[in-house]
Amino acid sequence: METSALIADKFMPNPTRVSLASTSGFRDGLVGGAYAATVGMPTLLNPADDLERGSKWFAVDHSASLKNVTLFGDASVLSNRVSEAAQSAATEKFIGGEVVPEGEQPGAPADFDKFAIAPDWAPESQPPALRGYAPTMNSAEKSFCKWPSRWAICKEAYDASVIGVNAANKEGQAGGMWPGSSGNGGRKDAYRHCTWNGVMALKMGAKTAKGFADRHELGPKPPNMSEAAAQAHHRMDYYNNSWGRFFGQYARDTDMTTYQAIQELKGWCLLSVNDGDLHTLTK
């Protein structure tokens, strides 16, 4: 059932509507799915009595864009409990500081550039400035993080990225899972993005984490990289980010401690790389 949510995310990354069909039979899903396809609406499979974790993650992750939830079938195949839980999950919620208070003045770049997450374009041996970047946020990240009320969120995103970088670098070294793996398109890169997004979703919820990760992908490509290559890297990152947020939202909804959750997230992302579930462009 989680598979239907992850497939939907891959092919419809910013839906305005989502539908649920019961796993107890095929008729509603078959007929409803055909209709959903004509209107560009993903269909998720869900049991009758509880909102399945893949469905919940998808609704929360995309709650900033979702305007409608459609259930195929009556309450005998998808209960009122499922309907209410799906609507609640798809309702956009804001964590503390996310909504900028009226009258707040933006801070100076020096105040928030310290939260800049370095881009991951190759070659890794060169500093960001030599890869076509200044060591600052891209314009989308600046637009979000310039507000002082959001600095705690931006710091959480940065701290999560450090956890991802350190975990990935460990596995890319001698004695690690993938010695010599590339941090730009390789297994180490996929692992880092999954872990980073997982920790962000754990700390701030999948919706807010998705917003930050998507803004990070809007940075300009290096001058010597083709547009086709850049888009391939973005597709890889968007996909691996979503897996991380799926894991992170699940961990957030459990009673694990933060330490336990982060260790589990690292393990889940590592297994997903080794099982071929995450996308890579190189080794």
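**Exercise 1. Is isoleucine 163 buried, partly exposed or exposed?**

Solution. At 24% relative accessibility, isoleucine 163 counts as partly exposed, because buried means under 20% relative accessible area, exposed over 50%, and partly exposed in between (1.4 Å probe, protein chains only). Isoleucine 163 sits in helix H7 (residues 151-172); helices (H or I, at least four residues) and strands (E, at least two) are DSSP runs, numbered from the N terminus. Isoleucine 163 lies 33 residues from tryptophan 196 in sequence, and their C-alpha atoms are 6.7 Å apart.

Before going on, a word on the model: it is predicted, so local features need pLDDT of at least 70 and side-chain atom pairs pLDDT 80 or more, while totals for chains, interfaces and linings use all residues. Residues are numbered from 1 along each chain as its sequence is written, and side-chain values use heavy atoms, with hydrogens and water left out.

**Exercise 2. Describe the salt bridge between arginine 192 and aspartate 189.**

Solution. Take the distance to begin with: N to O, it is 2.9 Å. Both residues belong to helix H8, 3 residues apart, about one turn of the helix. Then compare with the burial rule: arginine 192 is buried at 14% relative accessible area, and aspartate 189 is buried at 0%.

**Exercise 3. What does the side chain of aspartate 9 make a polar contact with?**

Solution. Locate aspartate 9 in helix H1 (residues 2-11). Aspartate 9 is buried yet has no salt bridge, and the nearest side chain of opposite charge, arginine 245, is 4.7 Å away. Here Lys and Arg count as positive and Asp and Glu as negative; His and the chain ends are not counted. The contact is with the side chain of histidine 62, at 2.8 Å. A polar contact is a pair of N or O atoms within 3.5 Å; within protein, one must be able to donate a hydrogen and the other to accept it, and residues adjacent in sequence count only if both atoms are side-chain atoms.

Terms used: A salt bridge is a side-chain nitrogen of Lys or Arg within 4 Å of a carboxyl oxygen of Asp or Glu.
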